[in-house]
Amino acid sequence: MKLAVVGATGLVGGEILEVLEERNVPFDDLLLVASERSAGKKKVFKGKEYTLITLEDAVKQAPDFAIFSAGGSTSLEWAPKFAEVGTTVVDNSSAWRMSPDHKLIVPEINASELTAEDKIIANPNCSTIQMVAALEPLRERYGIKRIVVSTYQSVTGSGKAAVDQMMNEREGKAADMCYPHKIDMNVLPHIDVFQENGYTKEEMKMINETKKIFNDQSIAVTATTVRIPTMGGHSESVNVEFKQDFDLAEVKALLEATEGIIVQDDPANNVYPMPLTAHKKDEVFVGRLRRDESQANTLNMWIVADNLRKGAATNAVQIVQYLQKQLENA
């Protein structure tokens, strides 16, 4: 079993390696792939030193699996080249997510849709993953009519340059600007580029990806995505209207019984999900569960997850683990 990690020197690439180690994912050979300027440098994984190689060299070695986290343009160019040599690619970029010919996978929801013919598999947007993971057990029980989501997203979602901008601003140093405005002590209602309809690309990702993952175009979704000066994870205020009424105790029980979901809902004792406590964790945390008293059949939720973990690296590794298990059982 030969596994490649493309973008091994980036923020998400580093998390992928950590998750592979923590989950003890089996492989016989590991290819750490980076840009041409990084090729030849060394990186240690599980006590062993690896030499970083280029995409071209990696394709020649025809790995069984390749986890991509190197941006959309790289994925568009190179994922098909890997697929041609028989590699199954799990891609973290937005390049393939809305392609009708490629599947958009959150393993707990729709991994069963995957077949041996799926050579390029899309990992959803980080903010979408944590929301749909928390909503899935409720969707199955009550049906979903409409979702209104507002996000509070960590600077880590923009990569190292954004983290550097915030920390330099915090220390009073001159900062290279990743964002159009200062981010420390500020909030930017602006993630990705604005579209003609007034929404940002990030907001449209959440809208369109949610419908695709749930395989239900009838669900109405609207989103406002916001960047805030935090690290550790993304937070979301989700208002979901169900097709039928619900019982709050049952909602909590359904969530508590769902693998990968941790309910933190004890406001009397100041217990609720926060990025600070979700950091470096693979689970999705849910709290502030309460009925929307202004509208029938509607629930308010607060959802938090580490965007570099379940929002990216962990979800991708889980897809590889699922496929490995399918091969073992074949």
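Helix 5 bends by about 40 degrees at L135, and a proline, P137, follows within four residues. The bend at a residue is the angle between axes fitted to the seven residues ending there and the seven starting there. Helices (H or I, at least four residues) and strands (E, at least two) are DSSP runs, numbered from the N terminus. The model is a predicted one, in which local features need pLDDT of at least 70 and side-chain atom pairs count only at pLDDT 80 or more, while totals for chains, interfaces and linings use all residues. Residues are numbered from 1 along each chain as its sequence is written, and side-chain values use heavy atoms, with hydrogens and water left out.

Turning to charged pairs, the structure holds 20 salt bridges, each defined as a side-chain nitrogen of Lys or Arg within 4 Å of a carboxyl oxygen of Asp or Glu. Side chains of opposite charge can pair when their charged atoms come close.

Which residue forms a salt bridge with E15 at 2.7 Å between the closest N and O atoms? The partner is K280, and the pair links distant parts of the chain: K280 lies in the loop between helix 9 (275–278) and strand 12 (284–291), and E15 in helix 1 (residues 11–22), 265 residues apart. K280 also meets E18 in a salt bridge (3.1 Å, N to O); E18 is in helix 1 too, 262 residues from K280. K280 is partly exposed at 33% relative accessible area, as is E18 at 32%, whereas E15 counts as buried at 8%.

Another salt bridge joins the side chains of E241 and K145 (3.7 Å, N to O). This pair connects strand 10 (residues 234–242), which holds E241, with strand 8 (residues 144–152), which holds K145, across 96 residues. E241 counts as buried at 15% relative accessibility, while K145 is partly exposed at 47%. Elsewhere, salt bridges that share partners join E15, E18, E22, R23, K280, D282 and R309 into one network.

Conventions:
Buried < 20%, exposed > 50% of the residue type's maximum accessible area, 1.4 Å probe, protein only.
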